[in-house]
Amino acid sequence: MKVVIVGGVAGGASAAARLRRLDEDAEIVIIERTGFVSYANCGLPYYVGGTIQSDSKLTLQSPQSFRRRFDIDVRVRNEVVSIDREAKTVHVRRLEDGSEYDESYDRLILSPGAKAIVPELTACGDPDVMTLRTVEDAKAMREFVSGDTVKRAVVAGGGYIGLEVAENLMDMGVEVTIVQRPQQVMAPLDPEMAADLHNHLRSKGVELVLGATLEDVVRDGDLVTKLADGRNIHSDLVVIALGVSPDSHLAVSAGLRTGMKGSIIVDDHMRTSDPDIYAVGDAVQVVNSVTGEDALIALAGPANRQGRIAADNICGIPSTYIGSQGSSVIKVFDMTAASTGINEKSARRSGIHYDKVYLYSASHANYYPGARNMSVKVLFSPDDGRILGAQIVGYEGVDKRIDVLATAIRAGMTSDDLEELDLAYAPPYSSAKDPVNMAGFVIGNVRSGLVRQFFWDELDGKVSDPGVTVVDLRTDREYNESHLEGTLHIPLDDLRSRMDEIDRSKPVYLFCHSGLRSYIGYRILAQNGFDCSHLAGGFRLYSSVVKDRCVGRPDGYPCGIQGF
């Protein structure tokens, strides 16, 4: 059996190695148009910034190592230009000299990946207008920035690559402006969860231009990024990081069935509409495992698994891909943001009935030095408590909690299951009630009716409504530092003795710093006959989103305890 694989990196390289482990006699050929067959695509921004010093560290396998260890024929700087399905050949061009040849196959695996979305720009093609998709791109960007000529850069796009490039350019001493068409960075996050990132980026010196549409990049001495609202931003470098689209032109020209944005449609065995052709990685359409709907999820983890599954099926081992839930994590300077499953935008789009909770939990026991709080948002089904999605923004410990929640989603677990999870605890690493357990407790309180919630985007309306009473339960110090006019201030510890100040004929809306004291206040008032609700996420979240500023410190003690 002869298997030709078009494209290396995550999906193609994983498929090749798995094929060899399953079939020692197979003839395996990888054809890769770049100069590198298996490299750490996600590490490219950190090479630009110098965290990764050598480009050899980015290379996981070379053509020579593939040959020695796996007896696989790897041809870099060779590009497949067409597929003849009837003859079962691919037509290949050697990029070094332009010569061409045909290569036969019994089975073909397409792993072309995704291509950067680059709009038509006047200065497109200039050496100082760059994208970052390959090792060659990273080397060119690092060499360009390493000189003394680049003082200011514009990064068009605030997704994974855009934020990572911005951080690493800042580390190189370059002033950075991020231009983003949506009003937030990081589309997998809901807007209020991205707000902490906005504040953090600005605190590090990054200029954010949100809600701005890139119209053109022209040259007028330096580069000028022209925005649709008339603003012009001058810079020495422009990095286009507007996302990616499936690189599926080979599949389209070969007549294979395609789907969203031209992506390659495959079955759960990773087989295309041609039974002898498989496809894996960023170019394929997958199923969102939470919604059951078609999706495009360009991440390395799914690509690796898909490559392995395609190899299994080619070798006669029944193996299926059950979908992606989009688990991801990103470092933004010393902050971490992560998500898994669906967010509110996708839940509404899919018509999924959901509810949500917010927590502000410490990464480990507060009495152990170095604890910092993380913002946690969990979406769940109000019908059965099943976990649908999670987003976390914070510092250390974010990755650990998002992985637990990702596992819970994949396993179909409910909030009751989160409460019962037996997670490792020691003061330097966690608390006796881990943030994941706490998410289960909070959801359980909401589902059982022990507490009613309202949310950050409703607070202003409640304060201005004469038919309700809004009570601020924070301490005098917190209230004096920042408060909303029109609220009734009663510190939580005084609430029992001052209940007669609250009009029992009106609904009562409670808030505190992060939601702990307002929950306690809710339980006090509810058991004394008040009609009340508490602000999920607290004044801290409201201030971050609505006022665009931080209240309190991430290393502060839990809501209302010491330090406030």
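Biologist: Let's start with E96: is this residue buried or exposed?
Modeller: Keep in mind that we're looking at a predicted model. Residues over 50% relative accessible area count as exposed. E96 has a relative accessible area of 62%, so its label is exposed.

Biologist: Which residue does E96 meet in a salt bridge?
Modeller: E96 sits in the loop between strand 7 (89-94) and strand 8 (100-104). Its partner lies 19 residues apart from it, in the loop between strand 5 (73-76) and strand 6 (78-84). The N to O distance in the pair is 3.4 Å, and the residue that E96 meets is R77.

Biologist: And what is the relative accessible area of R77?
Modeller: Anything between under 20% (buried) and over 50% (exposed) is called partly exposed. R77 falls in that middle class, because its relative accessible area is 31%.

Biologist: Okay, next pair: how many residues apart in sequence are R152 and E207?
Modeller: These two form a salt bridge, with the closest N and O atoms 2.7 Å apart. R152 is partly exposed at 22%, and E207 is also partly exposed, at 37%. R152 lies in strand 12 (residues 152-156) and E207 in strand 14 (residues 207-210), so the bridge ties together parts whose separation in sequence is 55 residues.

Biologist: Now R401 and D434: are they buried or exposed?
Modeller: Their side chains meet in a salt bridge at 2.9 Å, N to O. R401 is in helix 10 (residues 398-410), while D434 is in the loop between helix 11 (415-420) and helix 12, 33 residues apart. The cut-off for buried is under 20%. R401 has 1% relative accessibility and D434 has 4%, so both are buried.

Biologist: How many salt bridges are there in the whole structure?
Modeller: Some of them join up: D190, E192, E344, K345, R348, K356 and K377 are linked in a network. Searching the whole structure gives a total of 37.

Biologist: Let's move to helix 15. What arc do its buried residues cover around the axis?
Modeller: Helix 15 runs over residues 516-526, and R517, S518, G521, Y522, I524 and L525 are buried. They're on the same side of the helix, because the arc they cover is only 165°.

Biologist: What about pockets? How many charged residues are in the lining of the second largest pocket?
Modeller: That pocket holds about 820 Å³ of space. Among its 32 lining residues, the closest to the centre are L359, Y360, S361, M438 and L516. Strand 26 (355-362), helix 12 (435-448) and helix 15 each supply at least two lining residues. The lining divides into 19 nonpolar and twelve polar residues, and the number of charged ones is one.

Biologist: Last one: what distance separates the C-alpha atoms of G449 and G461?
Modeller: G449 lies in the loop between helix 12 and strand 29 (453-454). With a relative accessible area of 48%, G449 is partly exposed. G461 is twelve residues from G449 along the chain, and their C-alpha atoms are separated by 24 Å.

Note on methods:
Residues are numbered from 1 along each chain as its sequence is written. This is a predicted model: local features need pLDDT of at least 70, side-chain atom pairs count only at pLDDT 80 or more; totals for chains, interfaces and linings use all residues. Side-chain values use heavy atoms; hydrogens and water are left out. Buried means under 20% relative accessible area, exposed over 50%, partly exposed in between (1.4 Å probe, protein chains only). Helices (H or I, at least four residues) and strands (E, at least two) are DSSP runs, numbered from the N terminus. The arc is that of the directions from the helix axis to the C-beta atoms. On a 1 Å grid over the protein atoms alone, a cavity is a set of points where a 1.4 Å probe fits but cannot get out, and a pocket is an open set with protein on both sides within 12 Å along at least five of seven lines; lining residues have an atom within 4 Å of a point. Grid points are joined across faces, edges and corners, and a volume is the space filled by probe spheres set on the points. Ala, Val, Leu, Ile, Met, Phe, Trp, Tyr, Cys and Pro count as nonpolar, Asp, Glu, Lys and Arg as charged, and the others, Gly among them, as polar. A salt bridge is a side-chain nitrogen of Lys or Arg within 4 Å of a carboxyl oxygen of Asp or Glu.
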